[in-house]
Amino acid sequence: MRAHFTTVNGIRTRYHTEGSGYPLVLIHGVGISSESWLRNVDELGKDFWVIAPDCLGQGFTEPGDYKSGPPQPPTIKHLIGLLDQLGVDKFAIAGSSFGAMISILTCFQLPKRVEKLILVSSGSSTLPEVELEKSLKESYANGAKAYHNPTFEVCLKRLQNVFYNPDDVPREVILMQLTSYRLPGVLDAYETRMKGLMDFDAVRPYRTAERLHEIKVPTLLMWGLNDPRVIFARAQEAAAKIERATLVAFDKCKHFPHMEHPARFNRIVRKFLKGESMEDETRRAAE
Amino acid sequence: MRVKFAEVGGIPTRYYYEGSGAPLMLVHGAGVSGDSWLRNIDELARDFSIVALDTMGHGFTGTGAYTGGPPHAYMVDHLIALANHVGFDKFSLAGSSFGAMLSILTHFKIKDRVEKLILISSGSSTLSEEEHLKSVQNAYKNGMSAMENPTYENCRARLGRIFFDPSKIPEELLWMQVTLYARPGVKDNYEKRMKGMMDPAAKKFRVAERMHEITVPTLLVWGLNDPRVIYGRAVEAANQIKQSTLVGFPECGHEPHIEHWQRFNTVARKFLKDEQIKDDRQFGQGAEFGAIAAE
């Protein structure tokens, strides 16, 4: 596994990558960055070409021109720009939290290129507006503390709030945040993004919860049963609306199955992408 | 611990900081960064005001006007500029490897402002010219093995060669290096600095023959399994320094402050607080190490 820096539409961009063959794109959520896939990139890189970018204005990717409004369009434009630069044609895309919404919208925008979807613990994609508002406010309250005062303790506690087992929070992610949250413009970019997301009139055209029935590609949903950001019932409802959906529950798991239960997560993703039977996994909620 | 970015001496600079009290600046070695102190900053910040900088050309700190040749003077000037920037008037310095040499040179330049020195496993400061050249060549080769293709595995293998127990390498540090070494220009800058260290013009910066000029209390912490140093040279150096304490760390490679961080933090605190430490030369090699609690 290694990182790369490149320029996409004039925007300095970082991404992590490993492997070769069929492309699997991993999209992190708001307020975090591609380090969050640290337990997945190498493992999944054994079978796929894994590309985990820092999305626009997050991690070590610059914000470019994005200064206000819904973050979805410039984020997706930047993502597609990167994939085009890397020569990615058809691909599977996995998104965590808000990253799942980005994944669905990318699927809608590139129907001939996105072949499979993986949606991980995503309130943004599935909650009705009123519930999403509450969830975003809590996320913002939690995240803003870290962005405004990024000490090791503060950043650690912030993530511990959304991990079932606080000891599972990868310290690697925390150390990177101490620096990435201090890069010039990063605090502003976070505020802009969160304000953009909470302007519900402006983001309404980008909502996916009411469009889930439009998803035609095989879709894997993975959800923590203990996620404070989005209740599991919403995942079940979402899966029911998607034609070719498989829902896998993660017990003893809050908002980050890919970090909290990486071995199981990686195994399930590999099975899904290889078209193997998921019956074993859907029947239970743990290893 | 927390990070700040600032323009210091005209150079974009990153540094870690934490704590209040007597100021202590931590100076990492060649080819690494302020992140190397991740096991020390918060611990030591309980008693001291800590600053751990990325030195010129390292980590997220830029290169400023430096374009090649011996980097020593540029790095010392930048270090002093940072001390001024953070309001360190009188302060102590702890330097690892080449960072120890920079610490000594800083002491020579701003004599009365440096109160105490901690020199950690430093070949640059103590080896003969010939020994030092060989050591830097090995370090350069090792560093390039990571920088040429900074995969996680290469970064791990590179540090693994200088740790006694590679399982002690912090994962956080490796992840940081994966990003640091991927940035454009990093490999070229590293090459320039390492070649500058091996340049005959660097001779005037040698400190091994000037140890007797150190006028402040000095603690030497040496990894007894460090391939980059020779223990005998540490003894010679300590014997040259009026107020010196020498502590060897057994089962320890080139980074005692990481590999045996709890013991390092303890002995550093004791030293800075003028507490008694068992010197190797009186009590036997690694005596103090054996006396303080293990991790």
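Select helices H2 and H3 of chain B: they are roughly perpendicular to each other (65 to 115 degrees counts as such, under 35 as roughly parallel, over 145 as roughly antiparallel, the rest as oblique). This is a predicted model, in which local features need pLDDT of at least 70 and side-chain atom pairs count only at pLDDT 80 or more, while totals for chains, interfaces and linings use all residues. Residues are numbered from 1 along each chain as its sequence is written, chains are lettered from A and ligands numbered from 1 in the order in which they are written.

**Stop 1: the helix crossing in chain B**

Stay with H2(B), residues 72-85, and H3(B), residues 98-109. Helices (H or I, at least four residues) and strands (E, at least two) are DSSP runs, numbered from the N terminus. The two axes come within 10 Å and cross at roughly 70°. Axes are lines fitted to C-alpha atoms, for helices over the stretch in contact, with angles from 0 to 180 degrees between N-to-C directions. Now show the side chains. On H2(B), the contact is made by B:His72, B:Met75, B:Val76, B:Leu79 and B:Ile80. H3(B) meets them with B:Leu102, B:Leu105, B:Thr106 and B:Lys109. Contact means C-beta atoms, placed from the backbone, within 7 Å.

**Stop 2: the sheet of chain B**

Colour the strands of chain B next. Eight of them form an open sheet in the order S1-S2-S4-S3-S5-S6-S7-S8, with mixed pairing. Two strands pair if DSSP finds at least two bridges between them. Look at the edges: S1 (2-8) and S8 (244-249) of chain B each have a single partner strand, so one side of each lacks a neighbour in the sheet. From one strand to the next, the twist averages 20°. Zoom in on S6 (114-120) and S7 (218-223) of chain B, a parallel pair with four bridges. Here B:Leu119 stands opposite B:Leu220.

**Stop 3: where the chains meet**

Show both chains. Here 20 residues of chain A are in contact with 22 residues of chain B. On the chain A side, strand S1 (2-8) and helix H7 (171-180) are the elements that give two or more residues. H7(A) gives the most, with six residues.

**Stop 4: a hairpin in chain A**

Select S1(A) and S2(A). They run antiparallel, joined by seven bridges. A:Val8 has A:Ile11 as its bridge partner. Two residues separate the strands of this hairpin, and A:Asn9 in the turn has a positive phi of about 50°. S2(A), residues 11-18, is largely enclosed by the rest of the structure, because seven of its eight residues are buried. Buried means 20 or more other C-beta atoms within 10 Å of a residue's own; exposed means 12 or fewer, partly exposed in between, with C-beta atoms placed from the backbone. S2(A) also runs antiparallel to S4(A), residues 49-53, over four bridges. There, A:Thr17 stands opposite A:Ile51.

**Stop 5: a glycine in a loop**

Follow chain A on from S4. A:Gly59 lies in the loop between S4 and helix H2 (72-85) of chain A. A:Gly59 is buried, with 27 other C-beta atoms within 10 Å. Beyond its neighbours within four places in sequence, its contacts are A:Arg14, A:Ser33, A:Ser34, A:Asp54 and A:Ser180.

**Stop 6**

Finish at H10(A), residues 232-241, with buried residues A:Arg234, A:Ala235, A:Ala238 and A:Ala239. They cover an arc of only 135° around the axis, which puts them on the same side of H10(A) (the arc is that of the directions from the helix axis to the C-beta atoms). What covers the buried residues includes H4 (123-126), S7 (219-224) and S8 (245-250) of chain A.

Key: Two residues are in contact if their C-beta atoms, placed from the backbone, lie within 7 Å.
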